[in-house]
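Hi,

Here is the structure I said I would pass on. Have a look at it first, and then read on for what I found.

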Amino acid sequence: MLAKCRNYVLLFAKSWCLLPALCAWQSAFADGPQSTPSIFAPTSTPAHEIYDLSLFVLTITGAIFVTVAGLLAFVIFRYRQRGEDDTTEPAQIYGSTQVELAWTVIPVLIVVVLFLTTARMIFAIQDAPEPKAAVNVTVVAHQFWWEFNYPKLGIHAVNELHVPLSNPTSPTPTFLTLLSADVIHSFWVPQLAGKTDVVPNKINQVWIDPHYTGMYVGQCAQFCGVQHAKMLLRVYVDTPEQFAAWVKNQQQPAVQDESVAAGRHVFETQACMNCHTIAGTAATGRFGPDLTHLMSRDTLASGAMANTRENLREWIRNPDTFKEGSLMPAMQLNDQQLDQVTAYLATLK
Amino acid sequence: MADSTYPIPGSLETTPRRWSQADILEWLNSWVTTVDHKKLGILYMLYSIFFLLVGGAEAIAIRIQLIQPNMHFLSPQVFNRIFTMHGTTMVFLVGMTYIFGFANYLIPLMIGARDMAFPRLNALSFWLTFFGGLLLYYSFIGGSGLYGAGNAPDAMWWAYAPLTERAFSPGHAPDYWALSLIVTGFGTIGASVNVIATALCMRCKGMTLMRLPLLVWLNVVTSGLALITITPLTAAQVMLLIDRYLGGHFFDTQAGGSALIWAHFFWIFGHPEVYVLVLPTFAIASEVIPVFSRKAIFGYPAMVAASVAIAFVSLGVWAHHMFTIGMTSVGNAFFVLSTMLVGIPTSIKIFNWLATMWGGKIRFATPMLFCTAFVVQFLLAGLTGIMLSVAPWNWQLHNSYFVIAHFHYILVGAIVFNIFAGIYYWYPKVTGRMLSEKLGKWHFWLFLIGFHLTFTVMHIPGLMGMPRSIYTYEADRGWGTWNLIVSIGGFIQAIAVLVFAVNLIWSYFKGKEAGNDPWDAWTLEWSTPSPPPAYNFATDPVATSRRPLWDIKHPEDPDWKYE
Amino acid sequence: MSTVAVAQATAEQPWVQPSKGRVAMFCVIIAESAIFTIFVVAYIYNIGKSLYGPTPSQVLDVPLFNTVCLLSSSLTIWLSERAIEHGKVKTFGLWWALTWVLGAIFLIGTGVEWHKLIYHDGLTISTNLFGTTFYSLVGLHASHVVIGLIALLTVLLFTITGHVREEHAERIQVLALYWHFVDAVWIVVFTVVYIIGR
């Protein structure tokens, strides 16, 4: 029995040691993006503030756990029945007002401290003023892809968000206005900020202030339908030069390459235009993503697969191969049409 | 001798007999038409355990699909149905039913009454719940919908609008969800009314309200809370059906309706609901821990006050499920405060259980093993709850696997552990036989190890950015190993539950005879034979204190001297 | 029989507990109040949010007569309760029948109002947010009136056939409690829909 109790407590302690161990290992601390989007690897101001707060809360709750669980472990050892035939009853204690008061007052004090710290941070993040140099992006969430519009720069992007690097001395954060075209989604890139829901008929806002360049991953964090799992996000934090170059490219109309005219003809006659826009052509559909700069992206279908010609061709042939239940229908094109339209789309840099 | 109308297990029968077809039909009829609280309690528990197995099978399916990235065990559509049904089943068909299983069986016995206040309402409530559950599961086979076979609910157990509006869910999945829960909801209201009326109006002489066993108190508080918790869900579901079938616009964002208001209404139900689920768990712990520590519960009045406080405060915390939805900073701050405040009466209860064990002579029979694990696990769950109540941190943790780990720590680590404790504790009373201690210990240790492998480890992928409700995940996110461990833990828990099922069945026929009072306990149900006769008590008992049997067993030191 | 001998029932003071019918009806009323609260909140939240279609001030007339009838029925049912308490079954029957008639007038009045709204003003549950929230809230209340009237009618029939006696006074009071609740809800609905919302 003693062995069993000891084993139980040890097992418990061991499993909870995993957590701080992981934190220590995982927080390679934020000098850039990681393939694992850990909330303990912040690279942007709001994420960093949350991280600091979380360490504070972890310390307090850790202390509470060690104290109370320690007491419990003590009780289990010290007050267990020794000897099967010991049938005398221990002293019956019915209560104690002082003790009850003590263990009411102490939690109240802890709550006060935690609440005040938390409230301060809520206001700091949620009500942060927007500096003049901030970049503005309007995010429109769809089932199952992301649309990014930069009103001041006059450009549209899809699924892969580019923002400029910020630095503490002259911050250039990005303020994102969140709109939904259909159901509730949620914008979450853990290394950059906490998540904010994207709610139809409501305007929400979130801001990021990244201090390290690179590509950060995230995904939709509110169940939005069949392909919620593959509504992924990529945020590219660019140096100012890279960002300016990217913006300039996005501002151009679509590349006009006569060698793929056959493919463009397929595109324009096969109902693709009903859903997609290609700037500078007759295609102005708004239901699906803007394809003007399709080849400037690393992935297709909001991160579902890499942007290669084979994947693109297969996607057009049958979207269900990669993203079963996505809202793009299979267009029933024959092989020749597929080759042509893929060749055309492959020129849209 | 026991003259209950169900077959007495094994050798307790006085005359062995052969069962003719007429006997079997009569036996079935006695169960289907019963209004006896004991039989209905058993029916509720059998229903609950059955759906625990069904929901558990759904969980295993989920864990197989997620064991590694890019598995193809379940298609996205089927996965979404399975996890929605898993949640809906566990909350409504397992959680809400175990409550009334224990309450119905034990409350009349504990207060010295012959039956519940409204026996026929009791039966009606059970059968409403029963048929609601059947309707929910019929959805798997009823009709074909637009996305292939079946219409099982597939929009999460919260069924957020406008995803559940006609425009985005053209099949019948949300309809099955709403209708079946409306039906079970009526069953719950009926059962809650019955519990309150029984506890307030049917007590034996001498049992004042402050002498009620804590199980009864906690079930009264639960039932009162349930009355104002389930009804908002019913209202919201009616609104959803009006939108879907009568062209209403409650949640129709295109017509100016609000997606936000569904979230508010749902969580106004959803948060107090989890307290409805957990308070009867405290009830079981508050009966088991004193008996196995050989001491009276420490601070009875404080425990009663804390339970009532929890019920009240829990009505004001709902939007902590919505910290990311875009409320104002003041709104967020308010709900941070209210959520932290509800932690205070909850922690008082933990301290009182600890103090009950302090200075006792703790016997670690199977019920006590489960209750001890419950205390630690509940403490941890409360602490991760505090972490989640810190709104900015919540903006990272919300809808991630951290939240799933947190609430499963409560639902499994607190509630299921205590259900097991309660079954091991009262099975002798219900059947007249003890459950096997050996199998019980195997069940406990396997389940404990499996539980921690799954749900303690599960916090980690959450912290590493893994959201919930996803049928698969990218291979390069680093979540694969953790998911593997989590899934293995799930399989171990499944084995443990199988051991439990074997124990239940084997012990019914071969378990040791229990007698009236195998645990040397102190509440009135232990004064009846095991199983109790249909009328419960041959003569009306009189309660002299909170522990009537202690007074009888210890006439030199009765409780009423100290109360 | 090996029951542990529990002390016999020899209490000195009378052991008084509340009546279970009353407790149960209070619980039902509490649960129903929660449902109505949600519909009222939905109504209030959506005031002024309709994007198109008829507005309350355009089409709603204050149903004063109906309201007076319904609230008077609370008075008549109270009078019938007092009558049955004192064993005056005939008086009870008369007041009870009058209660039923007043409730029925209210219901018919609601029907007339809805007829005008649907056919004359073109306001249905699917027209706009106002239509949705109006019909669901007022309709929820009306459905509770219907249930009440069915229960009242049943008791009335039992009275006419001579089955109701003084000893049933308490059960009558429990049912009357439900009716009072229905009237109280109407006061809230009336205020929210016809006064605040217009």
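Before the strands come up, one definition: two strands count as paired if DSSP finds at least two bridges between them. With that in hand, take S1(A) and strand S2 (residues 145-150) of chain A, which are joined by five bridges and run antiparallel. Do keep in mind throughout that this is a predicted model.

Staying with that pair, S1(A) and S2(A) make a hairpin, with two residues between them.

Carry on from S2(A) and you reach strand S3 (residues 155-158) of chain A; four bridges join the two, which run antiparallel. A:Asn149 has its bridge partner in S3(A), namely A:His156. S2(A) and S3(A) also form a hairpin, this one with four residues between them, and A:Gly154 in the turn has a positive phi of about 70 degrees.

Chain A also has an open sheet of three strands, in the order S4-S10-S9 and with mixed pairing. Strand S4 (160-164) and strand S9 (214-219) of chain A are at the edges with a single partner strand each, so each has one side left without a neighbour in the sheet. From one strand to the next, the twist averages 25 degrees. Over five bridges, S4(A) pairs in the parallel sense with strand S10 (residues 232-238) of chain A, and A:Val163 faces A:Val237 of S10(A) as its opposite number. Helix H4 (residues 240-251) of chain A packs on this sheet, where it touches S4 and S10 of chain A, and its direction makes about 130 degrees with that of S4(A).

Chain A has seven helices and 12 strands, whereas chain B has 16 helices and zero strands. The radius of gyration of chain B is 24 Å, close to the 24 Å that the globule rule gives for 563 residues, so chain B is as compact as a globular protein of that length. The spans of the C-alpha traces along their principal axes are about 95 × 50 × 35 Å for chain A and about 70 × 55 × 45 Å for chain B.

On burial, 67% of the 563 residues of chain B count as buried; for chain A, with 349 residues, the figure is 41%. As for contacts between residues at least 6 apart in sequence, 81% of those in chain B join residues at least 24 apart, and in chain A 64% do.

What about the interfaces? Two pairs of chains are in contact, and chains A and B share the most contacts. In that pair, 83 residues of chain A meet 81 residues of chain B. On the chain A side, the elements giving two or more residues are helix H1 (2-26), helix H2 (45-78), helix H3 (97-126) and strand S7 (196-198). H3(A) supplies the largest share, 16 residues. By class, this side of chain A has 49 nonpolar, 23 polar and 11 charged residues.

The contact between chains B and C takes 44 residues from chain B and 35 residues from chain C. On the chain B side, helix H5 (173-201), helix H6 (214-245), helix H7 (259-293) and helix H16 (548-553) each give two or more residues, and the largest share, nine residues, is from H6(B). That side of chain B has 27 nonpolar, 14 polar and three charged residues. Chains A and C have no contact joining them, and their closest C-alpha atoms are 12 Å apart.

Last, a word on confidence. Chain A has a mean pLDDT of 91, with 91% of its residues at 70 or more. One stretch to treat with care is residues 24-28 of chain A, where pLDDT stays under 50 and the model has six contacts beyond four places in sequence.

Cheers

Methods
Residues numbered from 1 in each chain as written. Chains lettered and ligands numbered in written order. Predicted model: local features only at pLDDT ≥ 70, side-chain atom pairs only at ≥ 80, totals over all residues. Rg over C-alpha atoms; globule rule 2.2 N^0.38 Å. Buried ≥ 20, exposed ≤ 12 C-beta atoms within 10 Å, placed from the backbone. Contact = placed C-beta atoms within 7 Å. pLDDT = per-residue confidence, 0-100. Nonpolar A, V, L, I, M, F, W, Y, C, P; charged D, E, K, R; others polar. Axes fitted to C-alpha atoms, helices over the stretch in contact; angles between N-to-C directions.
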